[in-house]
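Subject: Structure for you to look at

Dear colleague,

I am handing over the structure we spoke about, and below it you will find notes on what turned up when I went through it. Please read them with the structure open beside you.

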Amino acid sequence: MRGKLITFNFLVVLLTFFISGANAADMVPEYLVGNWVIGTTEQKCGDSDSEYFMFHENGTFKAGRSNRPEAVGFWQIDGDMVNLDFISSGGFFQDIHAELKEYANEFDYFKVKLIPFNVEENRFEAVGLLGEQINKGIAVRCK
Amino acid sequence: METIRKTFKLGLVPILLAFLITTIVPGFKTEARAGSGAAFLGGMVAGHLVGGAVRRSRIRTAAAVKSASEPKTQTVYVQQPAAATTYAQPAPAPASKMTPEQKLQQLDKLAAGGYITPAQYKEKRKAILDNM
């Protein structure tokens with residue numbers, strides 16, 4: 001009986017260590033502020049085609065590719081989620097969907113909810129929700 | 001030992017489910033996501049707007065169909081205000097249709113307004129009276 005209890009305790013400690021290792025950082029404003037490269041697959045900082053996010057201390061953010069801003073707005077951490085309220089134009093994403101050509105020079109408001117997980121010191125993953133759209137992203141901190 | 005197994009099972013189930021949803025289930029991958037691995041936010045925006053673009057296109061098509069099916073008299077209807085404007089400010093009758101009296105009155109107005117000289121007034125007045 002004693003041996004089983006020791007084994008159980010060991011496994012609990014191991015599991016706790018594993019879980020805490022996977023969540024080495026908390027999603028707080030101080031953590032999020034900075035430059036990130038975000039993609040549906042892991043991207044490298046410096047790739048011109050990658051999508052970059054700049055979270056500023058004053059609560060604004062900018063996202064874009066190839067040094068061109070494609071979304072500007074506000075970010076806010078709400079519990080475990082990150083809310084993004086921003087303005088963007090579908091015309092920026094003609095390379096993804098050719099039909100979006102008709103949105104050129106037309107700007108719309110969007111609200112995205114990010115649900116982060118596996119938050120590590122310089123990397124986190126998140127599920128993004130925009131209306132009916134769901135996207136999984138991996139963010140890597142850039143210097 | 002049984003407790004440990006149960007604990008493991010309970011812990012593994014959500015992890016496996018999350019893995020299945022995000023990795024294996026193809027339906028989870030949106031069209032936009034499949035389009036570009038680099039565009040996380042852009043993929044969502046694009047996917048969201050493409051749905052809107054389809055709806056907008058349908059509305060435009062419906063409007064075009066409705067417009068085409070309506071009788072052409074509606075076009076005449078749209079042009080009516082211009083006609084109404086014409087009615088509100090009737091153009092003066094052509095000189096040839098005016099009576100000598102109207103011509104003389106018009107001549108008086110032109111003279112009173114200083115548009116014609118006294119000599120021109122006299123000449124025109126004589127011409128009107130001679131044609132009676």
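For what follows, strands are DSSP runs of E with at least two residues, numbered from the N terminus. Please keep in mind that this is a predicted model.

I begin with the second largest pocket, where β3(A) gives the most to the lining, with four residues. The elements that give two or more residues to that lining are β2 (51-55), β3 (60-65) and β4 (68-78) of chain A. The pocket has a volume of about 230 Å³ and is lined by 15 residues, of which Tyr52(A), Met54(A), Gly64(A), Asn67(A) and Arg68(A) lie nearest its centre. Sorted by class, the lining comprises five nonpolar, six polar and four charged residues.

As for chain B as a whole, it has seven helices and zero strands. Buried residues make up 19% of its 132 residues, while its accessible surface comes to about 10,200 Å², of which 63% belongs to carbon and sulfur atoms.

With best wishes

Terms used: Residues numbered from 1 in each chain as written. Chains lettered and ligands numbered in written order. Predicted model: local features only at pLDDT ≥ 70, side-chain atom pairs only at ≥ 80, totals over all residues. Heavy atoms only, no water. 1 Å grid on protein atoms, 1.4 Å probe; cavity = no way out; pocket = protein on both sides within 12 Å on 5 of 7 lines; lining within 4 Å. Points joined across faces, edges and corners; volume = space filled by probe spheres on them. Nonpolar A, V, L, I, M, F, W, Y, C, P; charged D, E, K, R; others polar. Buried < 20%, exposed > 50% of the residue type's maximum accessible area, 1.4 Å probe, protein only. Areas by Shrake-Rupley, 256 points an atom, 1.4 Å probe, with all protein chains shown as cover.
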